[in-house]
Amino acid sequence: MKWILFFVLAVVSLNGLAQLPAAGKRIDGPVTTKRGIVLKAGDSVRFGKGGLPSGAYQHAYLSFDKFGQKAAALEEGYAYKYATIREFREVGTGADKRLVVLVRPKGGISVNFRAIDIEPAMEAKEVISINGTAISKLVTKKQI
């Protein structure tokens, strides 16, 4: 029994170390999206429906290491679920610079963070609310 417990703890510990991505600049503190929405670690995001015909997500991925790979897109099981923002990463340079949000889904058993390309995900309604407030209401307040 001790060996089984040791093995489980070792796997969980090593899986946690695999979360450190090699690419992308980590951003500390609150960030502001191009649409004027302020996000900070600890905020709650709510997924909408996936943007692909299969129900999978076009702008959300299984982990930051798999960011941008079509085969690593989140499946449809995340529709209308909540996740907590853990950290922010910036990828690309110049006009192609993108903000990636690393989140941990609530109620899941996985230790991996999910990666969301936040700007296009909000536009495609794959992310529908921040802290219980609809994206459309947050954008309207910021643009007035």
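**Pocket and salt bridges**

1. β2 (31-32), β7 (98-105) and α2 (118-123) each contribute at least two residues to the lining of the largest pocket, strands (E, at least two residues) and helices (H or I, at least four) being DSSP runs numbered from the N terminus.

2. The model is a predicted one, in which local features need pLDDT of at least 70 and side-chain atom pairs count only at pLDDT 80 or more, whereas totals for chains, interfaces and linings use all residues. Residues are numbered from 1 along each chain as its sequence is written, and side-chain values use heavy atoms, with hydrogens and water left out.

3. The volume of the largest pocket is about 170 Å³, a pocket being an open set of points on a 1 Å grid, where a 1.4 Å probe fits, with protein on both sides within 12 Å along at least five of seven lines, and lining residues having an atom within 4 Å of a point. Its lining has 4 nonpolar, 2 polar and 6 charged residues, with Asp, Glu, Lys and Arg counted as charged.

4. Arg98 and Asp117, both among the lining residues, also meet through their side chains in a salt bridge at 3.0 Å, N to O, the criterion being a side-chain nitrogen of Lys or Arg within 4 Å of a carboxyl oxygen of Asp or Glu. This pair links distant parts of the chain, with Arg98 in strand β7 and Asp117 in strand β8 (residues 114-117), 19 residues apart.

5. The count comes to 4 salt bridges, including Asp43 with Lys40 at 3.2 Å, N to O.

Conventions: Points joined across faces, edges and corners; volume = space filled by probe spheres on them.
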